[in-house]
Amino acid sequence: MTGEEAIGRRERIARLRDCMLERMPEISAERARLLTESYKETDGAPMVIRRAKALEKILSNISVLILPDELIVGSQGAHPRTAQIFPEYCVSWLKRELDGDPYNFWERPGDRFSISRETIRQLKEIIPYWEGRTNEDRVMSLLPESVKRAREIDAIHWGGHVAAGDGHLIVDYEAVINEGLDGIRARAERALEGLDLTDPEDLRKRPFLTAVPIALKAAVEFARRYAAEARRMADREMDPRRKRELQEIASTCERVPASPATTFREALQSVWFTQLILQIESNGHSVSLGRFDQYMYPFYRRDVERGILTYERALELVQCFYVKLFSVVKLRGWNHTRYVAGHPVFQNITIGGQTARGDDAVNEVTYICLDAMAETKLTQPSLSARWWPGSPARYRKRCAEVIRLGLGQPALFNDEVIVPSLVARGVTLEDASNYAAVGCVEIGVPAKWGYCPSGRCHFNMGKVLELALNNGRDRRTGIQLCPGNGDLASFKSFDEVMEAWRIQAEYYLKQHIIFDNLNELTKEELVADVFCSALLQDCIGRGKTIHQGGAVYDFIAGQQCGTANVADSLAAIKKLVFEERVITGTELARALETNFEGPDGERVRQLLLNKAPKFGNDDDYVDLIARDAFGFYVEKVNTYKTVKYGRGPTGGMWQASTSTVSANVPSGLAVGATPDGRKAGDPLAEGCSPAQGRGTSLGPGSRPERPAGRGEVRRQAPQHNGLGGPAPEPEALPFVAFDRRRTGENDRRREGFLRTQGLAHPIQRGLRGHAEGCDEQPVEV
Amino acid sequence: MAFSRVQGVVFNIQRYSIHDGPGIRTLVFVKGCPLRCGWCCNPESQRREPELGYMRSRCIGCRRCIDSCGRGALVFEGDGLRILRERCDACGRCAVACAAGALEVFGRTVTVEEVMDEVRRDTPFYGSGGGLTVSGGEPFSQPDFTAALLAAAKEEGLTTAVETSGCAPWEAISPALGSLGLVLYDLKHADPDRHREGTGASNELILENLGKLAAGGRARIRLRVPLIPRFNADPNSLAAMARVARDMGMTEVDLLPYHLLGTSKYKSLDREYPWAGVERLTDREIEEMRRPFESAGLGTRIGG
């Protein structure tokens, strides 16, 4: 590595970064227009074929863009950060927002986009075609009244879930780079030829297997358009260095993703094209990259041995790749945006951990990923570092150093908890050892796990609690869908309160399941992702899309927020109303109804805040209530089937999740005052973190035994003195001591809970220095 | 074990601390200190006996505390409470009655075993480096308790440390030495008179103890110099301390810049803050203050 190389790299990345950041992302009508044209041409054909042909039309015509300085190429459109439109899912919000309701795209309070007059005109032109044909229209027409009403009172919320694709998965990048799309296509063609068309089962597979080669060929042609563009630019380029770079881009794009990659660079370009086309095919977010360091390392090693690659050069390529990942933006309706604020796309890269044989998996590409994160400093991709007792000291230290930069990256995942919990669900040990992070914090097996290990409908625990304490009636709307067993004024014991919680939690969980299963069935019929399915095992083998049950594993989950508010509220009721009797149920009910604004309201609120234990401080009184309340949800959700049940995958069942993103803010708006002292409309607690400002006596050990489901985000703030002293030494960071002793063996009761939840994985997000007692600040997830 | 029932007065136990010794540590703050440093950021640590503190900003004026007090020690004046300190025995009934958490008793009597129950909770996180640090106040103002606590921690395989002013009879310090891995030892001024002016006591005993500790060679010593404007944050004072450090065989010192975080606690205890109005040092000034130490061949660490 030479100093000159490093300077050149830094300058290149700085310019690419500026290019991405200097302008607002821009909305394009290209995809929507091409899709609409294609749909009109293919009317009447099987939907999977129509979807593949639409993708073909889009990839053959969408703008090709190679930016100055780029080494890895491929863009969502003509603008460095283009947001395409996906009208097949939903146009209702688009129609409103094109007219500035509630905001013009460029005037939103956050997540702004620019849009040209011409784009507005084109989009308005195609909206009428889609009205009545979208995924949302279909779902809404089929929804039972109870589900609609549950949404109306905000006990459940599905902002993006009908309006966008599924995402939340890791396709088989390893196959893409080692087999090439042509190789995968040949497999599909052989499967198609091998069908016994007298067998109705095989006949059912035919449309999908016919569609796969169309989509894969389209992807290859898309890359060739880039090759042609690079050649054209190279011919005109005066700077000899850039000319060579463009020629290299051209020859790379001529080879991949069609053929197996022969170099590190080709593998990287192939992965990027794949990722990009997945983003163009559908707009589901959280399309993640899996164990990037594992599948890239053989190429790295070979190139280094051949003397055609250095660490420095590989770092530059990976940084270029990171910038490309950052270029992916999605336009979501404003209402959905509130739940996932900050332009998140959740493309997660997993590094480290162990191999299927139980050896440590860290390699030089692992460090390249960390160094690229430290130097590129962009919000995409997300980086997840797997952690196990055999993780080498250099790796731990480098992770700690990158975390210390304050980027909130990498997140840490504990193999010791996750691998056994996957095995407990029926995942093979080999696959479990190969797990990777999906989206923000979900877990999946790369190349084998269907959409959405988390990321379905939002379940508003705060609202469910409010209903439970008010005989099932919503104070805000007066709606009573599920009569309860009484209210705060009438409950005679804490057991009755818990019973009330269970009644409402079960009822609204059912509404959430009905909605999501209906949405899944509709998506299966209307918006199959052929390209994506072709790249997931074992869709080609089974002749099924992912929606039809093509994945090897398929467990899905929703999202929830407010666990800590529920636990804190129940603990306050138990302690102050039933044990110490310092306040009656009637008085508490009145205080909540009046949002603590009555004559004694503030004193009651202070009592609730200060005289009852709060979740997240390693206090069993409230932590065990959290276990019971949340555990009930976990236990119930695990009993429901998904639409893939019995159709091929291992699983086909629902599972629990604690992921929130920013949903705790809008979800809180609909929830009145709660017995934890939270005022009406205030944000709920996120994930399974303590409520805001209430994790006051954090020990590192107050974390792992807390209830967790599929995804868990918990921030840790060491008692940094905030006085400008040195940042914590890596050795002092708590995650070096992720320890299973804390998650079970010490405490039988907790162990029981871990069993009921099936999966628990403590995750460490960014550590920041905090003055003692400081509120934890929101961080983009 | 005999030492598990030894009692002491503690005003805080802080888990997950990363600045007071290696690794992740649990800090036990012992109450009572022979010094009265004007810049002290923990005024509640100074007196041995429990005391009542009142955080006016949290008070909602409900006055339930007044009814709860059996000694008539609380009166409501203007928009806040006044504690008649001569009547208050810090029984804590008012703190129980206070919904808002505006009243708090600093200090409680605990046994070594009770402290260890808390300390043990984080055992998996201590790893090979972390452990227990006894801080204060002055840990050696309660020598039996401190020694017993350190012995208990050592017996459980934790690393042990104290943060001390060094202002205690040698007989109070020496019993703990067998259980002590690291001594974070304050050096506030090299000049006895200036030391007395700033802290209320001469530094002679402190230097003598430091010499004995260094000569004994049993526990590792980290010397810590608070950088206090108007007291020792001047080149001459710092150079004199650097000489002391070097003479004691130190190779590096921690420099702890003055801060204002204790201000509100003085108010809550109805005490005057002697250093009121003194501003923090700038980053640049702090950097400058490394120089006298580095000239003496000592390494420096800001914070520590």
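Mentor: Gladly! In chain B, take the contacts between residues at least 6 apart in sequence: 70% of them join residues at least 24 apart, where contact means heavy atoms within 4.5 Å. This is a predicted model, with local features needing pLDDT of at least 70 and side-chain atom pairs pLDDT 80 or more, while totals for chains, interfaces and linings use all residues. Residues are numbered from 1 along each chain as its sequence is written, chains are lettered from A and ligands numbered from 1 in written order, and side-chain values use heavy atoms, without hydrogens and water.

Trainee: What makes both faces of strand S3 of chain B count as covered?

Mentor: Buried means under 20% relative accessible area (1.4 Å probe, protein chains only). In S3, residues 51–54, B:Glu51 and B:Gly53 on one side and B:Leu52 and B:Tyr54 on the other are all buried. Side chains in a regular strand alternate between the two faces of the sheet.

Trainee: Why are S3 and S6 of chain B said to pair?

Mentor: Pairing requires that DSSP finds at least two bridges between two strands. S3 and S6 (residues 103–106) have four, in the antiparallel sense, so they pair. B:Glu51, for one, has B:Phe106 as its bridge partner in S6.

Trainee: And how much of chain B is buried?

Mentor: Buried residues make up 57% of its 304 residues.

Technical notes:
Buried means under 20% relative accessible area, exposed over 50%, partly exposed in between (1.4 Å probe, protein chains only). Helices (H or I, at least four residues) and strands (E, at least two) are DSSP runs, numbered from the N terminus.
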